[in-house]
Amino acid sequence: MSTEPMFDVAIAGGGIVGAACALACAQRGLKVALVERDVLGSGATAAGMGHVVVMDDSEAQFALTRYSQQLWQKLAPQLPACCEYEQRGTLWIAADAEEMEAAERKLAWYTARSVKCELLSAEQLRKAEPNLAPGLTGALLVSEDAVVYPPTVAMELARRAQALGAIMVLGRAVREIGDGALVLDDATHIRAQRVLLALGADSVSLRPGLPIRKRKGHLVITDRYPGYVHHQLVELGYLKSAHSMGSDSAAFNVQPRQTGQVLIGSSRQFGAEGAEVDQYILTAMLERAKVYLPGVAKLSAIRVWTGFRAATPDKLPLIGPDAHDPKLWLATGHEGLGITTSLGTAGLIADMLTHQHPAIAHEPYLPARYVQPDSVNQHFENEANHEVDWSHAGTDHGIR
Ligand SMILES: Cc1cc2nc3c(=O)[nH]c(=O)nc-3n(C[C@H](O)[C@H](O)[C@H](O)COP(=O)(O)OP(=O)(O)OC[C@H]3O[C@@H](n4cnc5c(N)ncnc54)[C@H](O)[C@@H]3O)c2cc1C
């Protein structure tokens, strides 16, 4: 068998991140192979909410989410209807005066960075979302945030990559990765100048030393109630405990689907490895939703599911060369933001691989920041030592 690399880049994992990387690399003229053990877009990509959202946890998180959002805006007109891209905007809801102050700070922060947003008074909020509970103080509307249907986007990105010559190997698992090769479960070796690990929460199955932990989430979807909500609705309450990172949390986070369905989230759990629905978490999540949308109790739910986010200690993904194997590259660890940041991740990977100047500074996301394994363990231990506290509302877009 020839040991010459057949591809410029061979990607393990066909979630939205792997698919986006395949397309961005193919668009820059690279020879690409992608291996997916299941169906394209079937992992966390199928389980996620599809909220494309700009975030302000850190400058690095903002840079990647904003860059990605701009890439989504460019891509949107070319997406087929089944990708359900809609610029709904996010309403960050303030339940009291303290949260309204937080909304004002958020407004100032975003405005200074040219993100379109405005404050809504209690009355304006009521008009915008009549099904919200009475007595809420107001909200911050971030209008460029959007909603997509992630699994069809992953398929569309892969289809486009394929049209540019990328090879898709479906129904085969990668058994080993590294040193310029993917070894598949049937012992096939796919050799490439670079191999890219894009396995999301499963990344540690092939690279156990990576600073990634699974973070489980639950979602519920209702029957069709067109117009029941109009924006992505997220509570601001977590700001009261912004520096806390309790191991389990449930937050009010609700999304209008194009079908008229209402997607209700969301929960976060470390240390829950099984995919089963946890009644205790589910109840806590729905109780939280009832506080903000009292009528939700009367809606008919048709499906509940779980999925796993790939969490890193510093809440930033791992994008770029592995610290130990220069032929191995990483595009993983996106936690609750991987739908949003898939396109930005792909842009960075493709730019770095082709020696182009990246559109945003790439340094904050480089895996080399974790060369000290002790610091990784320490971060995770600190998180685990926090008590479970249901008042810690997290968003689906960052570990709070
Ligand atoms: C409940 C929940 C809500 C979320 N909401 C949002 C949101 O609103 N907005 C947002 O931006 N993000 C959200 N996320 C996060 C987002 O879904 C993920 O960050 C994103 O889907 C990660 O994509 P990925 O391609 O890295 O991983 P995945 O989608 O998990 O893809 C990895 C792929 O690798 C494949 N695979 C695994 N092992 C192997 C192997 N050995 N060989 C070959 N293939 C393999 C899997 O089958 C899978 O298809 C949410 C996540 C959850 C769980």
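**Group meeting: a walk through the predicted model**

I will start at one residue. Leaving out residues up to four places away in sequence, His218 touches Ile264, Gly265, Ser266, Ser267, Gln269, Glu276, Val277, Asp278, Ile281, Met285, Trp305 and Thr306. Contact here means heavy atoms within 4.5 Å. His218 sits in strand E12 (residues 213–224). Helices (H or I, at least four residues) and strands (E, at least two) are DSSP runs, numbered from the N terminus. With a relative accessibility of 0%, His218 counts as buried. Buried means under 20% relative accessible area, exposed means over 50%, and partly exposed is in between, with a 1.4 Å probe and protein chains only. In sequence, His218 and Ser267 are 49 residues apart, and their C-alpha atoms are 5.5 Å apart in space.

A word on the source. This is a predicted model, in which local features need pLDDT of at least 70 and side-chain atom pairs count only at pLDDT 80 or more, while totals for chains, interfaces and linings use all residues. Residues are numbered from 1 along each chain as its sequence is written, and side-chain values use heavy atoms, with hydrogens and water left out.

Now the overall picture. The protein has 10 helices and 18 strands. Of its 400 residues, 57% are buried. Among contacts with a separation of 6 or more, 76% are between residues 24 or more positions apart.

Next, the sheet. Eight strands form an open sheet with mixed pairing, in the order E5-E6-E4-E13-E14-E15-E12-E16. Two strands pair if DSSP finds at least two bridges between them. Which strands are at the edges? Strand E5 (117–121) and strand E16 (301–311) are the edge strands, each pairing on one side only. On average, neighbouring strands of this sheet are turned by 25 degrees against each other, direction ignored.

Let me stay with strand E6 (residues 138–142). E6 pairs with E5 in the antiparallel sense over five bridges. Glu118 has Leu141 of E6 as its bridge partner, and Leu119 has Leu140 of E6. Five bridges also join E6 to E4, again antiparallel, and there Trp92 stands opposite Leu140. How many of the residues of E6 are buried? Five of its five are, so to speak, covered.

In a regular strand, side chains alternate between the two faces of the sheet. In E6, Gly138, Leu140 and Val142 point one way, and Ala139 and Leu141 the other way. Helix H4 lies across strand E4 (90–94), E5 and E6, and runs at about 160 degrees to E5. For such angles, axes are lines fitted to C-alpha atoms, for helices over the stretch in contact, and angles run from 0 to 180 degrees between N-to-C directions.

On to the aromatic residues. The structure holds six aromatic pairs. The rings of Phe62 and Tyr110 have centres 6.4 Å apart and planes at 40 degrees, so this pair is tilted. Rings of Phe, Tyr and Trp (its six-membered ring) pair if their centres lie within 6.5 Å; planes under 30 degrees apart count as stacked, over 60 as edge-to-face and the rest as tilted. Phe62 is in helix H3 (residues 59–75) and Tyr110 in helix H4 (residues 97–112), 48 residues apart, and the pair links distant parts of the chain. Phe62 is buried at 8% relative accessibility, and Tyr110 is buried at 0%.

A second pair is Phe252 and Tyr292, with ring centres 4.7 Å apart and planes at 5 degrees, so it is stacked. Phe252 belongs to strand E14 (residues 248–256) and Tyr292 to helix H8 (residues 279–292). Both residues are buried.

Phe62 and Tyr110 form one aromatic cluster with Trp109. Arg113 lies over the face of Trp109, 3.6 Å from the ring centre. For this, NZ of Lys or CZ of Arg must be within 6 Å of the ring centre and within 35 degrees of the ring normal.

Last, the cores. The largest nonpolar core has 51 residues, of which Ile11, Val32, Trp72, Leu157 and Ile349 touch the most other members. Such a core is a set of buried Ala, Val, Leu, Ile, Met, Phe, Trp, Tyr and Cys residues joined through side-chain atoms within 4.5 Å. Helix H1 (16–27) is one of the elements that each supply at least two residues, and its share of 10 residues is the largest. A second, separate core of 25 residues includes Val220, Val254, Leu282 and Tyr292.
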